[in-house]
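Hi,

Here is the structure I promised to pass on. Could you take a look at its charged side chains when you have a moment? My notes follow below.

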Amino acid sequence: MESDSFPLITIGVPIKEEAHSMRHMLKSLEDLDYPKERIKIVFVEGYSVDRTYDILAEWVARVRSKYYDVVLMRAKSNIPQARNICIKNMEGDYIFFWNTDTLAPNDAFKVALKILSQSGAL
């Protein structure tokens, strides 16, 4: 299947004070079996005092060119506000919210989109 046939999706990630657990989450994002050029990732980082922002910035610099886009922004916000910022910065028809404790199976988006298609929501 050509990557252009996959819908563009956005992954929204509100994040704060998660340096201790985010490496596994970032690896999980990288391991997704979905065309990276059809994924936009929006991180809304809440001015963490641990190394959360630094780890994200390093990761984004390393992988940005593989994805449709990767956005890293900082905002003093709670989770609902951060999700709203993700929505305002999304592209494509779908947004999936991701947390640092999200370690989805590699085919998570393909399965989700298949279910949406079968339900008539696509």
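Lys-27 is partly exposed, with a relative accessibility of 48%. The side chain of Lys-27 forms a salt bridge with Asp-31, and their closest N and O atoms are 2.8 Å apart. Asp-31 is partly exposed as well, at 31% relative accessible area. Please keep in mind that this is a predicted model.

Another one links Arg-74 and Glu-45, with 2.9 Å from N to O. What does this pair tie together? Arg-74 sits in strand S3 (residues 69–74) and Glu-45 in strand S2 (residues 39–45), so the contact connects parts that are 29 residues apart in sequence. As for accessibility, Arg-74 is partly exposed at 33%. Glu-45, on the other hand, has 0% relative accessibility and counts as buried, because the cut-off for buried is under 20% relative accessible area.

I also noted a salt bridge between the side chains of Arg-51 and Asp-54, at 3.6 Å from N to O. Which residues are joined into one network here? Arg-51, Asp-54 and Glu-58 are, through salt bridges that share partners. Within this group, Arg-51 is partly exposed with 40% relative accessibility, and Asp-54 is partly exposed with a relative accessible area of 37%.

I hope this is a handy start, and I look forward to hearing from you.

Best wishes

Definitions and conventions. Residues numbered from 1 in each chain as written. Predicted model: local features only at pLDDT ≥ 70, side-chain atom pairs only at ≥ 80, totals over all residues. Heavy atoms only, no water. Salt bridge = Lys/Arg side-chain N within 4 Å of Asp/Glu carboxyl O. Buried < 20%, exposed > 50% of the residue type's maximum accessible area, 1.4 Å probe, protein only. Helix = DSSP H or I, 4+ residues; strand = E, 2+ residues; numbered from the N terminus.
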